[in-house]
Amino acid sequence: MLPALVLCAALTQAADAGAQATGEYGTDLARVYGVYQLVTAIKEECDSRHPGLRKSNEAAYAAWKKRHQALIDELERRLTALIRGASTDEKDYARNIGKYEGAMLQRKQEHKDAFLAQGIEQVERECKEFPQYLKSEDADLGKRFTEELQNIRKRK
């Protein structure tokens, strides 16, 4: 069982696209879920900064999310179970969930800030290319994180 503070830190780290699977349940879970959060953050920033692209990006994101919905649901169930396992009782669980959700919102903002730090022209280019990215193998969480998902699924 992970202490709640360590758990929150592990679950809110950014997914490093170049990193290898660690074999550590919480770390691998955070990496895969972190990419889902990153994709969502980019979509939100593109919607905000380039409303003219919103319709095409929303359609592509909705299709991407639909393809990944079973995996996203699985990851969220596992995250909830991990937090519950690190909690001593319901009150502690509620506190830990609150810490985790706050940390995830902060991390999502960090993703957005890093995305915007690329500069106006790069952000616009990436927002225009976002629908194509969501159709690519790089955006396929099952293929991109095969080893991590195998490690994660070893734990029932």
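The largest nonpolar core here holds 33 residues, and Trp64 and Leu75 have the most contacts inside it. Such a core is a set of buried Ala, Val, Leu, Ile, Met, Phe, Trp, Tyr and Cys residues joined through side-chain atoms within 4.5 Å. Helices H2 (25-49), H3 (54-85), H4 (90-116), H5 (120-135) and H7 (146-153) each give two or more residues to this core. This is a predicted model, in which local features need pLDDT of at least 70 and side-chain atom pairs count only at pLDDT 80 or more, while totals for chains, interfaces and linings use all residues. Residues are numbered from 1 along each chain as its sequence is written, and side-chain values use heavy atoms, with hydrogens and water left out.

**Overall build**

- The protein chain has 7 helices and 0 strands, where helices (H or I, at least four residues) and strands (E, at least two) are DSSP runs numbered from the N terminus.
- Read from the N terminus, the order of elements is α-α-α-α-α-α-α.
- Of the 156 residues in the protein chain, 44% count as buried; buried means under 20% relative accessible area, exposed over 50%, and partly exposed in between, with a 1.4 Å probe and protein chains only.
- Contacts (heavy atoms within 4.5 Å) reach well along the sequence: among those in the protein chain between residues at least 6 apart, 71% join residues at least 24 apart.
- The accessible surface of the protein chain comes to about 8,800 Å², and 52% of that belongs to carbon and sulfur atoms; the areas come from the Shrake-Rupley method with a 1.4 Å probe.

**Inside the core**

- Beyond its neighbours within four places in sequence, Trp64 is in contact with Tyr36, Val39, Leu134, Ala139 and Leu141.
- As background, nonpolar side chains tend to be buried together in soluble globular proteins.

**The largest pocket**

- The largest pocket has a volume of about 300 Å³, a volume being the space filled by probe spheres set on grid points joined across faces, edges and corners.
- A pocket, on a 1 Å grid over the protein atoms alone, is an open set of points where a 1.4 Å probe fits, with protein on both sides within 12 Å along at least five of seven lines; lining residues have an atom within 4 Å of a point.
- Its lining consists of Val35, Leu38, Val39, Ile42, His111, Phe115, Gln118, Glu126, Glu129, Phe130, Tyr133 and Arg144.
- H2, H4 and H5 are the elements that give two or more residues to this lining.
- By class, the lining has 7 nonpolar, 2 polar and 3 charged residues, with Ala, Val, Leu, Ile, Met, Phe, Trp, Tyr, Cys and Pro counted as nonpolar, Asp, Glu, Lys and Arg as charged, and the others, Gly among them, as polar.

**Residues to look at in helix H3**

- Asn57 lies in helix H3 and counts as buried because its relative accessible area is 0%.
- Leaving aside neighbours within four places in sequence, Asn57 is in contact with Cys46, Asp47, Cys127, Phe130 and Pro131.
- Leu82 also lies in helix H3 and is buried, with a relative accessible area of 11%.
- Thr80 and Asn96 are 16 residues apart in sequence and 10.0 Å apart in space, C-alpha to C-alpha.

**A residue to look at in helix H5**

- Lys135 lies in helix H5 and counts as exposed because its relative accessibility is 68%.
- The C-alpha atoms of Lys135 and Ala63 are separated by 8.9 Å, and the two residues are 72 apart along the chain.
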